[in-house]
Amino acid sequence: MNILGFDTSTAATSVCVLRSDGEAFAVDPEPARLFEPPAHSRELMPAVAAAIDRAAIGWGELEAVAVGVGPGTFTGLRIGVATARAIAHARGIPLHPVSSLAALAAGIGESPALPLIDAKRGELFGAVYSGDVELTPAFVAHPDQIPARAGERASGALAAGDGAVRFRSVLEAAGIRTAPGDSEVHVVRALNVCRLTHSVPAESPEAVLPNYLREPDAVPSQ
Amino acid sequence: MILAVETSCDDTCAAVVTDDGEIRSNVIASQGLLHARYGGVVPEIASRRHLELIDAVIDDALERAGTGMDAIDRVAVTRGPGLIGALLVGVSVAKALAAVRRLPLVPVDHLHGHVVASTLGDKPIEPPFLCLVASGGHTFVASVEDAGSYEVLGQTLDDAAGEAFDKGARLLGLPYPGGPEMDRLAKQGDAAAFDFPRSLPGDGLDFSFSGLKTALLYRVRDLGEEEAGRRRADLAASYQRAIVDSLLTRARQAIEREGARRFAIGGGVAANSELRERITATCAELCVELWVPDRSLCTDNAAMIAAASRFTPALDYPEYLSLDASARVA
Ligand SMILES: [Zn+2]
């Protein structure tokens, strides 16, 4: 099955076509891209077109779409989800909503894995995984609350992600190991978004929405 | 046939329009009530709602047009100005829909859409013409020499006319969005009961509405809560009269200064009944032909985006893949 996958939950944009013969054609950002201003709208579709071209398949030969639904940057998630839905809908192919934390965890390569995505305002989105299995569901917390929120099952876990890099010193002070700063494991890789379609059932495209994990800031006036 | 998408503020819109301006469908999913309890549009809530609605709204537009994506040969989308997070939902969907079918994509200036809304339908306006656009976000008079562009002759220096309606309505305790409520209440009041300022700044054609709401605030305070409540219809009528007077004065000055023969109105405030009545009388008096679009073409809608796309250069695949939305200028 030719799968198109992408993730826009962090400032970086990651795209991959996993061709039916198992070969992957990834457009992955450098880890440094995680700490530059996001440009998903400018980056996503050109990367999608590039991955499809490099895989030497046509748009018409895509058989499934997988998208990282967060948690992560709200605007980025909406660009990713809107794009994925439109492609799946227009082609009449299945859409798999994949947790961006699960995809990040899949790249960490250790178990347990503690994927941490920057939630802004001094907070982190996190979860604990052992392989594909979610041990602690996604949460949002301050860095110094991570050990408590991640729980005992996170003991000995390796943390990675833009949030892990940003709050490395706080995390390490709390006894959490983090991957080296320039490591590629901090990037949510679209290849892992593609691979996770095995464990995430497809949903009807219009029903797929980001996992914001946080309410919008809005105060009723009356 | 054109499929157009518009998500610049709080209405999720899609439309199907033919190349010669026949509207096959014009679907508007309004979020008004969703934002009512906040007294204004909350950008993050609007963006989330757009994403929830957009696919269904596009399907609905295609279905009501009695067609499908196969018949569409061009996609148009509002690129700006507007709320960036809201715009990006429409831009992302439009780019993907166009790319999958390798259709051309037309990025449209939202304000251009308002200006050329009257080029749609059976009796399209033809340049040269002048246009008054008044909405919750914008108020300006523009000159259109050819339909592909417009020149702003004057604009508001502070609040937009629609903003003045909404803020005034709030001071009178009317529910959001206040424009239509104020219009309804004003019909029962005496427009001469209170004297509100008509601010016409400078020698040109600019507008200013921020002083008006302050005047209303003071008047309501001076009257006291009970009396202000009792005379709410008079306050609404007088306040609305002041807004419409300012708009009409500038419209008349623009027509006379430019020697215009054709005039159009657009934007959400163009749905106001007093403005519609009085601009009709003014244009009749000046022997100027007037275009007043249907209300569904005045408030934000995608048909007007399709209208503007007919006069805007299209981008071919893959040029538009890196297209970004723009909060300010399109
Ligand atoms: Zn508008």
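**Where the two chains meet**

Let's start at the interface. Across chain B and chain A, 10 residue pairs are in polar contact, both residues at pLDDT 80 or more. A polar contact is a pair of N or O atoms within 3.5 Å; within protein, one must be able to donate a hydrogen and the other to accept it, and residues adjacent in sequence count only if both atoms are side-chain atoms.

Which elements of chain B give two or more residues to the side that touches chain A? They are helix H2 (43-64) and helix H3 (84-101). H3(B) gives the largest share, 12 residues. Helices here are DSSP runs (H or I, at least four residues), strands likewise (E, at least two), numbered from the N terminus.

A word on the ground rules. This is a predicted model: local features need pLDDT of at least 70, side-chain atom pairs count only at pLDDT 80 or more, and totals for chains, interfaces and linings use all residues. Residues are numbered from 1 along each chain as its sequence is written, chains are lettered from A and ligands numbered from 1 in the order in which they are written, and side-chain values use heavy atoms, with hydrogens and water left out.

Next, the area. About 2,800 Å² is buried between chain B and chain A, and carbon and sulfur atoms give 62% of that. Buried area is the accessible area (1.4 Å probe) that two parts lose on being put together, summed over both. B:Arg48, B:Leu51 and B:Val100 supply 25% of what chain B buries against chain A, more than any other three residues. The contact (heavy atoms within 4.5 Å) takes 34 residues from chain B and 32 residues from chain A.

Three salt bridges are counted between the chains. A salt bridge is a side-chain nitrogen of Lys or Arg within 4 Å of a carboxyl oxygen of Asp or Glu. B:Asp55 and A:Arg85 form one, at 3.0 Å, N to O.

**The zinc site**

What are the protein donors of the zinc ion? B:His110 (NE2), B:His114 (NE2) and B:Asp300 (OD), at 2.1 to 2.2 Å. Donors are N, O and S atoms within 2.8 Å of the metal (3.2 Å for Na, K and Ca); water is not among the atoms, so sites may look incomplete. The spacing along the chain is H-x3-H-x185-D.

B:His110 and B:His114 are four residues apart in helix H4 (residues 110-115) of chain B, so about one helical turn separates them. B:His110 is buried at 3% relative accessible area, and B:His114 is buried at 2%. Buried means under 20%, exposed over 50%, partly exposed in between (1.4 Å probe, protein chains only).

**Salt bridges within chain B**

Over all chains, the search finds 32 salt bridges. B:Lys213 and B:Asp159 make one, at 2.9 Å, N to O. That pair links parts 54 residues apart. B:Lys213 is partly exposed at 22%, while B:Asp159 is buried at 8%.

B:Arg198 pairs with B:Asp245 at 2.8 Å. B:Arg198 sits in the loop between helix H6 (178-186) and H7, and B:Asp245 in helix H9 (residues 232-258), so the bridge ties together parts 47 residues apart in sequence.
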